[in-house]
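Morning, everyone. Please look at the structure on the screen while I talk.

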Amino acid sequence: MKSREEKDTVVLKGIGVSPGMVIGRAHVLHHHDAPIPRRSLDRKTLVAGEVQRFRKALKESEKQLLAIKKKVSEQEGIEPLYIIDVHIMILNDRMLISRTIGNIEEGVNAEWALRKTLDKYKEVFSKVDDEYLRERMTDVEYVGQRILRNLVGVQHETIANAGENVIIISRDLSPADTMQLKVEKILGFATDIGGKTSHTAIVARAYEIPAVVGLERITSEVRSNDQVIIDGTAGLVIVHPDPIMVRRYEDKMRHYKVMEDDLLRYARRPAVTVDKHQVRIGVNIEFMEEVPSALAHGAEGIGLYRTEFIYINKEKLPTEEEHFDNYKTIVAAKGVKWSTIRTFDLGGDKFMSDPKVAKEMNPVMGLRAIRFCLKEVELFKVQLRAILRASALGRVKILFPMISGIEEIREAKRIFYEVKRGLESQGVPFDRDIKLGIMVEVPSAVMVADSLAREVDFFSIGTNDLIQYTLAIDRVNESVSYLYEPLHPAVLRLIKQVVDAGHHAGIEVAMCGEMAGEPLYAMILLGLELDELSMNSLVIPRVKKIIRAVTVKECRALLKKVLTISTAVEIEYYVRNYMIKKFPEDFAEETP
Ligand code: PEP
Ligand code: MG
């Protein structure tokens with residue numbers, strides 16, 4: 001029998017968004033949505049006062065966000081303040097303000113008018129196909145809630161009141177709360193809602209704070225002061241763990257720490273094989289906030305900056321200055337040896353607020369990426385100008401996505417030279433020797449890789465799309481995900497063809513699809529003689545560890561053998577067994 005103090009252990013499974021484990025006391029943050037009264041206004045006398053009240057709440061909200069930004073920026077080493085700026089930008093969004101004032105003028109109070117605007121935004125965002133962009137609505141909602149609280153005069157319980165060394169349990173964390181996690185010395189957090197690509201998740205990873213989101217009912221299972229374990233690696237939260245479980249986790253944490261320390265030893269070392277063949281290791285990023293953690297994990301440069309994420313939360317297209325501010329932060333960051341900035345890879349569906357772009361049946365094969373840029377040339381030029389200007393501050397390479405043939409790259413280059421001449425004539429500084437490259441991610445580009453190689457300075461193979469288009473499987477459709485096989489003989493042959501064509505023409509070939517960061521494939525990729533591998537930062541130490549333990553000679557032999565096998569399943573089986581034998585500690589657990 002359990003005593004009254006002993007409570008049943010509850011294990012909840014969510015989405016682990018930031019690895020690591022921690023045991024501690026919970027602090028539950030109660031975020032109640034601000035109440036929204038509805039009052040009808042007598043147009044003439046009350047409207048002006050309500051508009052003024054709304055503007056005052058906007059000012060107050062901005063003041064609060066600036067105060068958080070100041071507090072966080074005073075702490076050494078905490079960089080990711082960008083999200084606060086995004087929230088301030090949302091606060092000042094012309095559409096948000098004018099729609100709300102329009103609603104007030106129709107005769108309702110400011111709270112009701114704002115809620116109506118937010119609901120309209122919600123409706124628009126909910127129709128978007130893209131998970132990442134859908135999640136951006138949460139940023140608009142956070143900002144909306146802050147304004148509403150200021151309108152109705154309700155205080156928000158924040159992380160700043162939680163006390164140090166606690167685990168935060170909450171329905172959700174606003175980015176403003178998330179920003180303060182490190183300053184307030186929070187051990188970890190768990191939330192009811194959220195996904196892998198939310199800003200909260202990205203910042204948690206950048207801060208290296210264990211976190212699990214999407215737990216659905218964690219706030220109803222935990223009370224402040226309860227003991228909880230957060231296992232961000234497995235995506236688990238254990239509430240009221242029994243003493244045996246706590247001991248097991250203490251052991252696990254010790255092992256994890258030893259393993260991490262052991263792996264992090266590889267982080268700063270170069271990726272050089274035993275027979276002295278060196279591969280450059282880049283990182284794939286979506287936000288400039290990711291740079292410090294990427295460098296700590298051993299990234300040498302930015303192998304892929306997915307700039308389309310600059311377009312989030314925007315009713316309007318970003319200006320040249322907004323682009324430039326993003327690029328300069330990354331390019332000039334200490335320790336970043338090069339930055340490969342990819343011009344934006346947006347699909348038609350992602351410009352939902354732009355009436356010029358029609359909704360497409362199949363946006364993946366539609367007017368996306370370079371095709372969109374070549375059609376909306378002015379928008380493309382704004383980005384190219386900003387990238388070129390940033391190249392005066394550090395080594396920049398420009399990468400064009402989704403090139404399917406020669407005409408596209410020639411047209412992109414023509415526009416690029418035009419922009420370059422414009423900057424030259426205005427005396428704006430930039431790197432005259434900036435390198436241009438293309439993503440090789442469409443099978444037709446592979447087939448004409450020899451001709452494309454004469455047009456550019458480098459290739460970067462985007463295996464995510466290359467596999468999607470080659471094997472005809474939608475990369476986000478779970479029902480065909482079993483067919484998503486990077487080791488498919490067709491895929492391996494295509495990659496080999498690209499590397500050979502690039503090297504034959506004397507240009508470098510990188511890989512920046514997810515395949516590049518899979519430790520299991522590291523030897524195959526070395527055998528393929530890629531010059532650069534760019535990946536998610538957390539896997540860099542594992543990949544470096546493998547590279548440093550092998551010779552290119554044996555990698556070539558492994559590849560040679562693998563290229564004689566005719567099915568993906570057999571290749572995977574062969575490679576896995578090979579790796580288990582060679583690295584028993586690293587791969588044994590992954591045996592199917
Ligand atoms: C790819 O297609 O492999 C790639 C790296 O680009 P994205 O995932 O952004 O399409
Ligand atoms: Mg791609």
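I will begin with a backbone contact: a backbone N or O atom of Gly462 lies 3.4 Å from an oxygen atom of ligand 1. That falls under polar contacts, meaning a pair of N or O atoms within 3.5 Å; within protein, one must be able to donate a hydrogen and the other to accept it, and residues adjacent in sequence count only if both atoms are side-chain atoms. Before going on, this is a predicted model, where local features need pLDDT of at least 70, side-chain atom pairs count only at pLDDT 80 or more, and totals for chains, interfaces and linings use all residues. Residues are numbered from 1 along each chain as its sequence is written, chains are lettered from A and ligands numbered from 1 in the order in which they are written, and side-chain values use heavy atoms, with hydrogens and water left out.

Thr463 has a polar backbone atom 3.1 Å from an oxygen atom of ligand 1. From Glu441, a polar side-chain atom sits 3.0 Å from an oxygen atom of the ligand. How much of ligand 1 does the protein bury? Alone, the ligand exposes 290 Å², and 95% of that is buried by the protein (Shrake-Rupley method, 1.4 Å probe; for residues, only the protein chains shown count as cover).

Around ligand 1 there are 13 residues, and Arg306, Arg342, Gly462, Asn464 and Arg475 come nearest; near means a heavy atom within 4 Å. The shell divides into 3 nonpolar, 4 polar and 6 charged residues, with Asp, Glu, Lys and Arg as charged, Ala, Val, Leu, Ile, Met, Phe, Trp, Tyr, Cys and Pro as nonpolar, and the others, Gly among them, as polar. Helix α18 gives the largest share, 3 residues. Helices are DSSP runs of H or I, at least four residues, and strands are runs of E, at least two, numbered from the N terminus.

Now the sheet. It is open, with 8 strands in the order β1-β8-β7-β3-β4-β5-β6-β2 and mixed pairing; strands pair if DSSP finds at least two bridges between them. β1 and β2 are at the edges with a single partner strand each, so one side of each has no neighbour in the sheet.

β7 and β8 run antiparallel, joined by 4 bridges, and Ile229 stands opposite Ile238 in β8. In their hairpin, Gly235 takes a positive phi near 75°. β8 also supplies Val237 as the bridge partner of Leu12.
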